[in-house]
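Keep the picture in view as you read.

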Amino acid sequence: VFRVTLASDRSVDVTISSPSALITAAIQSTCGSMASELKCGWGFPTRLRLRSVPAGTYYLIVASTDPAGDVTVSLTTGPPVAPEPNETCASPTELLDGVAVSDSLVDVRDDVAIPCGFYRDLVYHFALTSVEDVRITATSALGDALNVGLETTCGDRASARRCVNGNPADWTEHSLGPGDNFVIVEAYAETDFTGQVGFAPP
């Protein structure tokens, strides 16, 4: 158990690693109380990130599959980070031809259904006035696989044109007709990523 006290509201980034073991970890405001848990996770290594944690004292609970093994804990804090505004179909971020956007899936929920995944996601929109070939690219900054779906009606899996998994998730949608289009980017990991669309004549 590790204890940390924040003098003001802060973003928090914790990494726990071991040379030989799987790590599970949780951040709690009351030590030993699952009801007070802010976030938990597991991995090799394990990383816990929170956009904004109120001032106060918190406890990092770490467990390992190798109780006798060593673990390394790294904790950094920064200014609070505002929530992403484009979590749902009601408020997608607009994509412009050739202009990259950078976002984060930290503290994001799974709100939108796509055929190739069911993880935390963010929503983007672009509209075409004529038939275009559209290249869609999304790349994780941390190397995590992304699921990227293209839908003509946001949240309607029946309207999906394509759904791609990978890092990068990258394809060209040929001869896409005029109208609204929604790009949904999701991942199992709370990763940071960059996305972009590019238009070209068919």
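On a 1 Å grid over the protein atoms alone, a cavity is a set of points where a 1.4 Å probe fits but cannot get out, while a pocket is an open set with protein on both sides within 12 Å along at least five of seven lines; a residue counts as lining if it has an atom within 4 Å of a point. What you're looking at is a predicted model, where local features need pLDDT of at least 70 and side-chain atom pairs count only at pLDDT 80 or more, though totals for chains, interfaces and linings use all residues. Residues are numbered from 1 along each chain as its sequence is written, and side-chain values use heavy atoms, with hydrogens and water left out.

So, how many cavities of 30 Å³ or more does a search of the whole structure find? The search gives 2. The largest cavity holds about 90 Å³ of space, a volume being the space filled by probe spheres set on the grid points, which are joined across faces, edges and corners. Its lining is made of V4, L6, V12, V14, I27, L38, L50, V53, Y58, Y59, L60 and L75. That's 12 nonpolar residues, with no polar and no charged ones. (Ala, Val, Leu, Ile, Met, Phe, Trp, Tyr, Cys and Pro count as nonpolar, Asp, Glu, Lys and Arg as charged, and the others, Gly among them, as polar.) Strands β1, β2, β5 and β6 each supply at least two residues of this lining, and β6 gives the largest share, 3 residues. Strands here are DSSP runs (E, at least two residues), numbered from the N terminus.

The second largest cavity has about 60 Å³ of space. Of its 13 lining residues, T137, V183, V185, G195 and Q196 lie nearest the centre. By class, the lining has 10 nonpolar, 3 polar and no charged residues.

The largest pocket has a volume of about 470 Å³. It is lined by 18 residues, and W42, R47, Y188, A189 and E190 are the closest to its centre.

Where does β4 sit? It belongs to an open sheet of 4 strands in the order β1-β6-β3-β4, paired antiparallel. (Two strands pair if DSSP finds at least two bridges between them.) The edge strands are β1 (2-6) and β4 (37-43), each pairing on one side only. Strand β3 (residues 23-28) is joined to β4 by 6 bridges, and A26 stands opposite C40 in β4.

Let's finish with two loop residues. Leaving out residues up to four places away in sequence, S36 touches I27, Q28, S29 and T30, where contact means heavy atoms within 4.5 Å.

N86 lies in the loop between β7 (72-78) and β8 (93-94). N86 is buried too, with a relative accessible area of 0%. Not counting residues up to four places away in sequence, N86 touches S91, P92, T93, D103, L122, V123 and Y124.

Key. Buried < 20%, exposed > 50% of the residue type's maximum accessible area, 1.4 Å probe, protein only.
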